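Reader: I am new to this structure and would like a close look at a single part of it. Please keep to the charged side chains and how they pair.

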Amino acid sequence: PTSAQVSAVPQPGRFRYTLDNDVLTAEQRQFYEDNGYLLIKKLVSDEDIERFRKEFVRICKREVKPPGAMIMKDESLKSQYGQSEKVVNKVQDFQEDKELFRYCTLPEVLKYVECFTGPNIMAMHTMLINKLPDSDIQTFLHPMHQDLHYFPFRPASRIVCSWTAMERADQNNGCLVVQPGTHKQPLKPHGYPDLEGKTNKLFHGLLNEDEKIPKVHLVMEKGDTVFFHPLLIHGSGINKTSGFRKSISCHFASSECYYIDVKNTSQEHLEKELAEMVRKKYNATSVELRDIWNFRARLVQGERINL
């Protein structure tokens, strides 16, 4: 649709989480309203995915060093494999890497994003995940969580994640697991799960997980893309295969969203932890959560209003 055809005002009545548009069918809108996610098959081309894969390998080999990107590695594998994709499990904040950031500007992706955010779209948070083969140690398990826990901006219903499988993702290699309908629940307290100290930095999870809520494993083929709400409870299992499971994702938000103060909320301890990391990395004196997000945010469509 043209931007003008998508109203940014939440519609009273039937649809709360999607905006009027010419892209989604009534069934697709209703599915997202009820479940908090929507899977679109073969949205991103093999050609684009191949380009993202090549750029990821270049970053692993340090042929490219995107400023501001956080390269997460399994340090224990470094001596064995050196600088290679067998060591790097995530490239976060790739907004300064022109090749990877192309993902956030793909018209076929933005066409769907606009159905949730409206016409003024910010790319807020970018990640390329390379889920390494795991053992029983569960190093790369991401516990069940809500992404809104990390975001100091609202309203939640004008934020959406776009997550694209770069190869087949299933239960063997640690596909996404979602709890349908949990996007209607409030933001819950998060922290480090009790996995005998085996937790990755900032991989927070729900402190009290409701095991009674059914889980759905999202089996996806290369190029399939799932859009999901930031309050949807989700996670991913371990990779039990000998290969890698790559995915590329971006959290988008309407630029009409606004920052909130997280002091005295369940997000306060996250702000402290992140601020401490930024202070160490950049030698900065005083950092707030909104400063970090301001630095990450990039306008990809329309005009920049608040964020």
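Is K215 buried, partly exposed or exposed?

Author: K215 is partly exposed, with a relative accessible area of 37%; buried means under 20% relative accessible area, exposed over 50%, and partly exposed in between, with a 1.4 Å probe and protein chains only. This is a predicted model, in which local features need pLDDT of at least 70 and side-chain atom pairs count only at pLDDT 80 or more, while totals for chains, interfaces and linings use all residues. Residues are numbered from 1 along each chain as its sequence is written, and side-chain values use heavy atoms, with hydrogens and water left out.

Side chains of opposite charge can pair when their charged atoms come close. K215 forms a salt bridge (a side-chain nitrogen of Lys or Arg within 4 Å of a carboxyl oxygen of Asp or Glu) with E209, and the closest N and O atoms are 2.9 Å apart. K215 also has a salt bridge with E211, where the closest N and O atoms are 3.7 Å apart.

Another pair joins K263 to E271, their closest N and O atoms being 3.3 Å apart. Here K263 counts as partly exposed at 41% relative accessibility, but E271 is buried, with a relative accessible area of 10%.

Salt bridges also link D48, R51, E99 and R102 in a network. By the rule given above, the model has a count of 17 salt bridges.
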